[in-house]
Amino acid sequence: MTNGKLMVLTGPSGVGKGTLVRSLLQRHSQLHLSISVTTRSPRPGEVEGQHYYFVSRNQFSEMIAAGDFLEWAEFTGNFYGTPIAPVKQQIQQGKFVLLEIELEGARQIRNTFPEALRIFILPPSWDELERRLRSRGQDSEEAIARRLQRAKEEIDAAGEFDFQIINDDLAETLKRLESVLFIPG
């Protein structure tokens, strides 16, 4: 038996998951971030194999058919998935694997890895979530509207998770996350 652990971090787009994950990875060398596969185009500054593996829709479909994903889902018109082999390998090596994924993927993880620690990140308010999405300057008005509609559905599902943490202040949110992630056992 190994000491490896699978930890799932979920929340609506714009809630600050990426910022939290980057901070956790800088502070805790025992954490290993699982890199997802996606069909969406890279955003400015994103690096292949570091942020995501970018593939075509056909390649993604082939990976689904081959059983290469721990979980996968469609989100805002693009597909996202967690390749199963590297996650299992890291856990078998005793590492703490962190997945930053959306709701449907987290629900699949509940079924495939019921022992995973599942955490939902909430915005401090609806207005703040909308402000964060708009301040990115990356999405069209239509895309923002889709993200906000999806956020309502996701927030309604927060009770399905082991823990819910409000991302209101980065330093305090990190402390709360660390207290949950590193519970002995």
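1. Helices (H or I, at least four residues) and strands (E, at least two) are DSSP runs, numbered from the N terminus. The model is a predicted one, in which local features need pLDDT of at least 70 and side-chain atom pairs count only at pLDDT 80 or more, while totals for chains, interfaces and linings use all residues. Residues are numbered from 1 along each chain as its sequence is written, and side-chain values use heavy atoms, with hydrogens and water left out.

2. Within H4 (residues 103–112), the residues Leu103, Gly105, Ala106 and Ile109 are buried, where buried means under 20% relative accessible area, exposed over 50% and partly exposed in between (1.4 Å probe, protein chains only). Seen down the axis of H4, these buried residues fall within an arc of 160 degrees, so they line one face of the helix; the arc is that of the directions from the helix axis to the C-beta atoms. At the start of H4, a side-chain oxygen of Glu102 reaches to within 3.0 Å of the backbone nitrogen of Glu104.

3. Five strands form an open sheet in the order S2-S7-S1-S8-S9, with parallel pairing, and two strands pair if DSSP finds at least two bridges between them. Strand S2 (31–33) and strand S9 (163–166) stand at the edges with a single partner strand each, so one side of each has no neighbour in the sheet. From one strand to the next, the twist averages 25 degrees; axes are lines fitted to C-alpha atoms, for helices over the stretch in contact, and angles run from 0 to 180 degrees between N-to-C directions.

4. S2 pairs with strand S7 (residues 96–100) in the parallel sense over three bridges, and the bridge partner of Leu33 in S7 is Leu98. Helix H7 (residues 170–181) packs on the sheet, where it touches strand S1 (5–10), S7, strand S8 (117–122) and S9, and its direction makes about 165 degrees with that of S9.

5. Ser34 lies in the loop between S2 and strand S3 (36–38), and it counts as buried at 10% relative accessibility. Leaving aside neighbours within four places in sequence, Ser34 is in contact (heavy atoms within 4.5 Å) with Thr82, Val87, Val97, Leu98 and Leu99.

6. For the protein chain as a whole, the secondary structure comes to seven helices and nine strands, and 45% of its 185 residues count as buried.

Methods
Polar contact = N/O pair within 3.5 Å; in protein donor to acceptor, adjacent residues only side chain to side chain.
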